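Here are some quick notes to go with the model we talked about. Have it open while you read.

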Amino acid sequence: MRKLSLIFLLALVGFLASPVNVLARTPSPTPTATASATPMAIPEATARPDITQKTEETLGPLEKLLEEQKLGPVWPLNPIKYAIRSAVDAGVPANTIVLLLLLPVVASVIAAARHIIGIRGFGIFLPAALAVTFVAIGPVVGIGLFLVIVTISMLVRFSLRRLKIKLQYLPRMALLLWWVAVSVLGILFSAPIINNSSLSNVSIFPVLVLILLAEDFSRVQLGKSAKIAVSLTTETLILALVSFIFLTLKPVHEFALLNPEILLGSLFIFNFLLGKYAGLRLMELWKFRKIISS
Amino acid sequence: MKLTSILGLNARTQLYSYKYNTFRGKKVADSKLRTSQVLKKAGIPSPEIYKKFKLPSDISEFNWEALPGSFALKPSRGLGGEGIIIVKKRANDGHDFITTQRERVTVEDLKLHVLDVLEGAYSMGNIPDAAFLQEYVGRHKAFRKYAYRGTPDIRIIIFNKVPVMAMLRLPTKESGGRANLHQGAIGVGVDIATGITTKAIWHGEQIRLKPGTNRKLHGIKIPDWTKILETAVSAQIASTMGYLGVDMVLHPEKGPMVLELNAQPGLQIQLANMSGLKKRVERVEDLEVRDAEHGVKIAKALFAVRFADRVKAEEGIKTINVWEKVKVISGNGHGVYVEAKVDTGAWKTSIDRDLAEKSGLLTKSNVLWTKLYKSSLGKEKRRVISLNFYLAGRKISTIANVANRVPLRTPLIIGRKDLKGFLVKAD
C-alpha cells in the first residue's frame with residue numbers, strides 16, 4: 001500500500017514538474033516568436049508574422065552574412081554550417097538559431113562566474129532564463145518587473161508570517177500568486193500613463209517566466225538574512241545582465257553563426273576544464289585575506 | 001600562510017566531498033531522521049526522538065496533551081536551521097508553550113507548523129518532508145555566559161577518521177538562538193589538542209570579546225573534550241562519509257551528543273581558527289587510522305595550537321645549550337631523565353628505539369603511523385609516536401620518529417619544530 005502511494009506520488013511529482021520545466025524552458029528558444037505574435041501583428045500588419053522587433057533589425061544582416069561566407073567541403077569542418085544554411089533556407093529564423101547557439105555560451109559564463117570569480121547567483125538556470133527574458137522584453141522592463149515581483153512576494157510572505165494568518169501551504173501559495181498577478185496587472189494598466197513602448201509590448205510568456213523565477217527565488221531567500229537576500233539578488237541580476245549582453249552583442253552573434261563548430265567545441269573543452277578546476281575563487285581570496293597575510 | 005593551505009569551495013566539493021562521500025552516506029546526512037537511526041544503531045549518543053510525523057493523519061492521531069514540557073520540533077531535511085521550534089517550558093496556564101526565544105506558541109501553532117513541514121515549506125526544492133519531536137538539549141553551564149538564548153554547538157570537521165578542525169558556535173541575539181554563522185552566530189576556533197578556544201569571528205571579522213560585553217572569547221575550556229572528539233569520529237565512521245562536518249552538543253547531564261551531520265560543512269571555520277583546512281586534510285589523507293581513539297590521538301599530536309607566542313610573551317625567550325638533560329614522560333606517566341642534543345639542523349624530534357621501548361612508548365595506541373624517511377643513513381621505515389617531554393622547564397607535546405640511535409651520542413635529538421621560544425647557545 002505504501003509502495004503504491006509512493007509510486008502515485010512520484011508520478012504526481014513528475015507530472016507537476018514536467019510542465020513547469022516545459023514552460024520554463026520554452027522561452028529560451030521561442031520568446032522571439034511569442035513576443036512577436038501578439039504585439040507586432042497589430043501595429044505593423046505588413047511585418048512577417050513570426051519575427052520580433054529584434055529579429056527584424058538583425059535578420060537581414062545575419063542572412064546576408066551567411067550568404068557571403070564561402071564554405072569548403074562539408075566534412076570534417078563544416079557540417080553545422082551547412083545544416084544552418086539549409087534550415088535558414090527552409091524558413092527557420094536565423095535569430096532563433098543564434099540564440100540557441102548562444103545558450104551554452106551564457107551557461108558557461110555563469111558557471112565561470114561561480115567557479116573562478118565566486119559570484120554565487122541563484123543556480124545556473126535562473127540567470128540564464130532571466131537573460132533570455134530580458135532579450136524578449138528589454139532589460140529595463142525585465143529588471144523592473146522582476147524586482148516588483150520579488151518584492152511583492154517577499155512582502156506577502158513576510159506579512160502573512162507576521163500577522164500569523166494560519167493558512168495551509170498551497171492556499172497560501174495561491175494567495176501569494178494572487179497578489180503577484182494583481183500587481184503585474186497594475187503595472188500593465190499603468191502603461192498608457194507611463195507611455196513606454198516596451199512595457200506595452202510585454203507578452204504573457206516572459207511575465208509568466210518572471211513570476212515562476214521570482215517565486216522560487218523569494219521562497220529560498222526568505223530563509224536567509226536580509227543581507228544575504230540582497231546580495232544574492234544583486235549577484236543574480238549582475239549575472240543575468242552579463243548574459244544578456246552576450247546574447248545581444250552583434251559580434252558574438254556573427255561569430256556564433258559563422259563558426260558554430262569552433263564555438264561549440266571550445267565551449268565543451270572550456271566547461272570540462274572548468275569542472276576540473278580546484279583552486280581558490282577570487283572572492284575566496286578576499287574572504288580569507290587575513291589568513292593568507294598572517 | 002601559503003595560498004595552497006586554504007580549502008576553497010571548488011576543492012572541497014571536488015577533491016573531498018565528491019571523492020570520499022558515498023551516496024548512501026549523503027542520504028543519511030541529509031535527513032535528520034535517518035541520521036538518528038544510523039547513530040542509534042551504532043550506539044552513538046544523540047538526542048532522543050519522541051515522535052515522527054510522516055503523514056497529515058499522524059498529526060491528528062498524536063496526543064498533543066501528552067507533550068513533555070520541553071522539546072524541539074524540527075523538519076527532517078531543513079536547511080540552515082530553518083523551521084525549527086524549540087520549546088523550553090509550558091506557559092503558566094498549562095496549555096501553551098514558551099520557546100527559547102520567549103515567544104508563546106499554542107498546540108494549534110505546532111500542528112500548523114508540522115503541516116507546513118510535511119508540505120515541504122522548509123526542505124530544499126519544496127520536496128515533501130517529515131517532521132519530528134526531539135528531546136530538548138539545554139545549555140551546558142560552561143557556555144551559559146557566552147550564548148544568547150540558545151544551545152551552542154561544536155562543529156567538528158572530520159576526514160579519514162581524524163578530527164581536523166573544530167569550532168564552537170555561539171548563538172547571539174541576532175541569530176535568534178540558532179548556531180548558524182550565516183544567521184549571525186559567533187564562530188570560535190578551538191585547539192584540537194586541549195579543547196581551549198583560540199580566536200573568534202563574527203560576520204567574517206575577527207573579534208576578541210563577546211559583542212556588547214567585556215567577556216573574552218578565547219581561553220574557554222570546553223568540558224569533556226576528548227570524549228566529544230571521539231564521539232564525533234565514531235559518528236563519521238558510522239555514516240560511511242569520508243569528509244564530514246559533525247555538529248556536537250554538550251548535554252548538561254548526559255554529556256556529548258551528536259546533533260546532526262553535514263555533508264558539505266562551511267569553510268568559515270578556517271577564519272575562526274586562522275588556519276588552513278587543506279593543509280590539515282592533506283596531512284591525514286594517506287594515514288591508516290584504526291579507530292576513533294587512534295584518530296583523535298593523531299589529531300592531538302598533529303594539530304595542537306602552538307602557544308609559543310604566548311609563552312614567549314609571558315616568560316621571555318629561554319637560552320639553552322646544545323646538550324641538554326630533558327625529562328621524557330614515559331607510558332605510565334613517570335618522568336625519565338635522558339641526555340638530548342638540540343639539533344637545529346633537524347626539523348622533527350627523533351628518539352632511540354630502545355629508550356622508547358623501555359619507556360613504554362611503543363604501545364599500539366601510542367604509535368601514530370609509520371613513514372619512509374630519507375636521512376644521511378639512507379632510506380628507512382620509521383614509526384612516529386606522540387611524545388611529551390620537559391625542556392628547560394617547559395612542557396613540549398609533539399610527535400617524534402623512532403630510530404636506532406645506539407651508535408650515536410644521545411638517545412634523543414630535538415628538532416627545530418619543538419624549539420620555538422628557545423635560543424641555542426653554541427659553546
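The points below go through chain B, its strands and then the charged patches.

1. Ground rules. This is a predicted model, where local features need pLDDT of at least 70, side-chain atom pairs count only at pLDDT 80 or more, and totals for chains, interfaces and linings use all residues. Residues are numbered from 1 along each chain as its sequence is written, chains are lettered from A and ligands numbered from 1 in the order in which they are written, and side-chain values use heavy atoms, leaving out hydrogens and water.

2. Chain B overall. Its C-alpha atoms fill a box of roughly 80 × 45 × 40 Å along the principal axes. Of its 427 residues, 53% count as buried (under 20% relative accessible area; exposed is over 50% and partly exposed in between, with a 1.4 Å probe and protein chains only). There are 11 helices and 22 strands in chain B (DSSP runs numbered from the N terminus: helices are H or I of at least four residues, strands E of at least two).

3. The open sheet. Six strands of chain B line up as β1-β6-β2-β3-β4-β5, with antiparallel pairing (two strands pair if DSSP finds at least two bridges between them). β1 (49–53) and β5 (104–105) of chain B stand at the edges with a single partner strand each, so one side of each has no neighbour in the sheet. β1(B) pairs with β6 (residues 131–134) of chain B over four bridges, and Phe53(B) has Ala131(B) in β6(B) as its bridge partner.

4. The hairpin. Strands β12 (residues 243–251) and β13 (residues 255–262) of chain B are antiparallel, with seven bridges. Three residues make the hairpin link from β12(B) to β13(B). If you want a pair to look at, Val246(B) is bridged to Leu261(B) in β13(B).

5. Positive patch. Arg24(B), Lys27(B), Arg34(B), Lys41(B) and Arg77(B) form a positive surface patch (patch residues have over 30% relative accessible area and no salt bridge; like charges are joined within 9 Å, nonpolar side chains (Val, Leu, Ile, Met, Phe, Trp, Tyr) within 5 Å; a salt bridge is a side-chain nitrogen of Lys or Arg within 4 Å of a carboxyl oxygen of Asp or Glu). Helices α2 (23–30) and α3 (32–41) of chain B each give two or more residues to the positive patch. Arg24(B) sits in α2 of chain B and is partly exposed at 42% relative accessible area.

6. Negative patch. Glu63(A), Glu67(A), Glu68(A) and Asp89(A) make up a negative surface patch. Helix α3 (residues 53–68) of chain A gives the most, with three residues. Glu63(A) is in that helix α3 of chain A, and is partly exposed with a relative accessible area of 35%.

Note on methods: Accessible areas come from the Shrake-Rupley method with a 1.4 Å probe; for residues, only the protein chains shown count as cover. Lys and Arg count as positive and Asp and Glu as negative; His and the chain ends are not counted. The place of a charge is taken as NZ of Lys, CZ of Arg, CG of Asp or CD of Glu.
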